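User: I have just opened this one and would like a careful walk through it. Could you take my questions as they come?
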Amino acid sequence: QDGGGLREAMAGVARRLLRRDLGVAAGPPSTRQLREAEEAAPIFQYAGKAARRKDRVFVWGFSYSGALGVPSFVRPDAGWKKPRRIQPTPYRLETEEKISSAACGYGFTLLASNTRDITKVWGMGLNKDSQLGFQRSRRDQTKGYEYVLEPSPIPLPLEKPQQTRVMQVSCGRAHSLVLTDSEGVFTMGNNSYGQCGRKVVENEIYSGSHLIHQLKEFDSRVVQVVCGQDHSLFRTKKGTVYACGWGADGQTGLGHYNITSVPTKLHGDIDGVNIIQVSSYGDCCLAVSDEGDVFGWGNSEYLQLASVTETTQVNVPRHLPFKIGKIKEAACGGTGNVVLTEEGNVFVWGYGILGKGPNLIETAVPEMIPPSLFGWSDFSPDIRVAHVRCGLSQFAALTNRGELFVWGKNLRGCLGTGRMEDQYFPWRVTVPGEVVDVACGVDHMVSMVRSFT
Amino acid sequence: LNAAPGRAPRQRVRFLPAPAPGGGGAVELVAARVPVLADHPLVRGPRFRKLKIGAGHRLDVKASGVFVLGIGHGNKLLTDLYNCHLTKVYTVGGLFGKATDDFSDTGNLVEKTTFDHVTREKLERILAVIQGTNQKALLMYSNIDMKTQEAYELAVKGLIRPMGKSPPIITAVRCLQFGLPEFQLEIHCLHETQQYLRKMVHEIGLELKSSAVCTQVRRIRDGVFTVDDALPRTQWNLQSIQEAIRNCQLKVETELEKILG
């Protein structure tokens with residue numbers, strides 16, 4: 001009681017003082033006073049008219065290989081941090097430059113920027129076959145790192161390092177390819193099957209190797225490089241496809257089942273056809289022509305090419321006669337394939353979790369995924385799928401609104417949904433930004449995102 | 001209501017004594033239909049002394065729009081409609097540049113910001129993200145096992161929705177008008193409160209690196225009842241109410257049958 005009385009007395013004194021000093025009426029402020037106070041309030045500016053949208057990189061999946069590029073997940077640098085084996089939701093990765101191209105291999109990642117600076121490509125993850133080039137160890141200057149936990153620059157032997165730009169990167173099981181605009185293709189990593197485009201050296205030790213091979217002999221400029229598991233595909237400006245590497249499943253498409261160590265031109269059904277996109281990740285390959293046809297070769301044990309042949313290995317590119325419309329983009333996974341048509345429909349076939357519920361396990365003929373699963377409805381009828389990508393047993397689709405949908409086997413949290421269960425139909429991944437591109441690997445994924453404002 | 005002609009009194013067959021034909025003092029029992037005295041209006045009193053009126057989903061003081069009431073038997077239909085979990089549609093008006101403590105334009109000012117960098121495109125991008133995250137919430141709170149074929153089929157048709165308690169979920173958002181500094185949104189939602197919608201306007205402002213307050217919340221649809229079915233203040237009389245009930249009866253019945261079976 002006494003305390004309350006004292007407080008009231010103090011308040012009364014304060015009010016009287018105010019009245020005496022400022023001559024302002026005490027009591028609740030009138031509307032006019034409120035309005036004046038509001039108009040006199042300072043205005044804060046958080047973003048100007050010329051504010052640019054920022055480009056960011058988000059990673060998620062299995063982190064112990066170092067493929068996510070966050071060292072504190074593997075070796076915590078503070079006492080309270082615990083090692084994080086799996087990053088189940090997208091995590092922002094700080095990069096020095098704007099990353100224009102990314103590729104996920106089997107336990108490692110390559111990030112590339114199309115800048116003119118000296119450092120254009122960064123790599124992280126497994127480096128036991130020097131798929132990330134030679135990363136000099138700080139403890140022992142003669143040896144290289146076997147696991148790279150942070151995005152580290154890869155020194156490319158460029159002739160004009162301050163003029164050449166890196167256009168695209170691609171990663172396979174233990175090798176990687178870097179495509180430049182004027183100096184051809186650089187290959188590094190394991191070459192036991194000739195996948196690096198150079199002659200196979202017996203008993204070559206790939207760990208800690210400095211060798212980065214340069215490939216320049218193609219009929220025209222190379223515009224796309226794709227790595228399969230142990231083979232490489234090159235697509236040139238003229239629309240021809242070259243291949244090298246392991247061919248036991250016919251994935252080189254050269255008409256035989258042997259190893260090829262020099263990039264050789266493919267014929268078969270794609271001879272004379274202008275190919276605008278090639279895709280591969282496992283042992284099967286798909287190519288899309290400018291007229292909307294799709295061609296396939298390689299492994300067909302999972303009914304990927306069963307629409308044209310009963311054999312389980314196809315070593316010559318064959319036209320796949322699907323009547324689903326003009327095809328814009330194709331992506332090949334380990335056991336399943338996905339294509340995107342001009343109308344924006346997504347078709348899947350093959351084996352595994354294809355995205356049409358748990359009942360559809362395998363099909364040789366493409367089946368369409370209903371667009372309502374990607375957010376299409378009467379309320380928003382102009383949502384279309386813009387790109388499709390494939391990991392080893394996952395699929396990813398990007399819509400024109402910048403949303404990312406994933407489905408497939410959730411191997412070590414690589415889907416990024418936040419749950420560890422497999423996803424049988426397309427599920428939206430919550431990314432704080434508009435997803436521009438995504439690269440899928442075996443157990444991790446990397447996405448390039450632009451912020452909203 | 002009491003002035004309206006009431007039900008006719010019940011009739012009962014009673015055996016009444018009547019003088020027998022043929023004279024004499026003999027009394028015969030004759031069957032006759034006689035109105036029951038207990039049903040007489042003077043005995044019974046006025047038919048309606050109280051009316052049970054129940055309200056549907058709440059609408060707070062600062063909001064306006066469709067408000068569903070149930071009379072008598074309608075209260076039971078109200079509970080059934082609540083269990084249907086149908087979406088409600090609101091038009092929400094917002095104003096950029098201010099942030100207040102209760103997220104509406106009548107609250108105490110917290111901050112003023114610039115908003116000249118806000119464009120319709122940025123707003124629509126944010127709305128797309130809101131829709132996407134709420135879509136995920138819709139699937140998660142519907143308590144269906146994602147691994148079943150049934151879940152896949154429902155997801156394709158877009159029929160997955162939480163049939164129990166859940167936090168507010170927005171099923172669709174659309175920008176109706178945009179003119180700096182004001183804008184208007186149409187929001188379809190479930191299990192929400194009007195304050196949640198105002199908070200959402202505030203959060204949209206924050207996401208666009210500015211600030212926003214909500215100026216208007218108006219419910220234009222509550223399940224099957226739209227603004228066209230609703231009675232304005234001038235029509236709050238017996239005839240219009242009875243007509244409105246008659247018009248909506250069929251709609252309500254079909255909807256309940258469809259969802260609850």
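User: Let's start with N203(A): is it buried or exposed?

Analyst: N203(A) counts as exposed, because its relative accessibility is 73%; buried means under 20% relative accessible area, exposed over 50%, and partly exposed in between, with a 1.4 Å probe and protein chains only. This is a predicted model, in which local features need pLDDT of at least 70 and side-chain atom pairs count only at pLDDT 80 or more, while totals for chains, interfaces and linings use all residues. Residues are numbered from 1 along each chain as its sequence is written, chains are lettered from A and ligands numbered from 1 in the order in which they are written, and side-chain values use heavy atoms, with hydrogens and water left out.

User: Where is N203(A) in the chain, and what is its phi?

Analyst: N203(A) sits in the loop between β10 (185–189) and β11 (213–215) of chain A, where helices (H or I, at least four residues) and strands (E, at least two) are DSSP runs numbered from the N terminus. Its phi is positive, about 55 degrees, although N203(A) is not a glycine.

User: And what about K209(B), which has a positive phi too?

Analyst: K209(B) has a phi of about 60 degrees and is likewise not a glycine. Its place is the loop between α5 (194–207) and β11 (212–222) of chain B, and K209(B) counts as partly exposed because its relative accessibility is 29%.

User: Which residue does E434(A) pair with, and where are the two?

Analyst: E434(A) meets R53(A) in a salt bridge with an N to O distance of 2.7 Å. This pair links distant parts of the chain, 381 residues apart, with E434(A) in strand β28 (residues 434–440) of chain A and R53(A) in the loop between β1 (43–44) and β2 (55–62) of chain A. E434(A) is buried at a relative accessible area of 19%, and R53(A) also counts as buried, at 18%.

User: Which residues are in a network with them?

Analyst: R53(A) and E434(A) are linked with E121(B) and R125(B) in a network of salt bridges.

User: What does K88(B) pair with?

Analyst: K88(B) and E192(B) meet through their side chains in a salt bridge of 3.7 Å, N to O. K88(B) lies in strand β6 (residues 88–96) of chain B and E192(B) in the loop between β10 (182–190) and α5 of chain B, so the pair ties together parts that are 104 residues apart in sequence. Both K88(B) and E192(B) are buried.

User: Now rings: how many aromatic pairs does the structure hold?

Analyst: There are 15 aromatic pairs over all chains; rings of Phe, Tyr and Trp (its six-membered ring) pair if their centres lie within 6.5 Å, and planes under 30 degrees apart count as stacked, over 60 as edge-to-face and the rest as tilted. One of the pairs is F322(A) with W349(A), which is edge-to-face at 5.0 Å centre to centre and 65 degrees between the planes. F322(A) lies in the loop between β19 and β20 (327–332) of chain A and W349(A) in strand β22 (residues 346–351) of chain A, so the pair ties together parts 27 residues apart in sequence. W349(A) counts as buried at 0% relative accessibility, and F322(A) is buried too, at 14%.

User: Which rings make up a cluster?

Analyst: Ring pairs link F374(A), F395(A), F405(A) and W407(A) into a cluster.

User: Last topic, the records: what does UniProt list at residues 53–334 of chain A?

Analyst: UniProt lists "domain: RCC1-like" there, from an unreviewed entry; its positions are given in the numbering used here, feature names are shortened, and annotations may be inferred rather than shown by experiment. In the model this span is 1% helix and 40% strand, with its end C-alpha atoms 36 Å apart.

User: And which feature does UniProt place at residues 49–193 of chain B?

Analyst: From an unreviewed entry, UniProt places "domain: Pseudouridine synthase II N-terminal" at those residues. Over residues 49–193 of chain B, the chain is 29% helix and 31% strand, and the end C-alpha atoms are 34 Å apart.

Note on methods:
A salt bridge is a side-chain nitrogen of Lys or Arg within 4 Å of a carboxyl oxygen of Asp or Glu.
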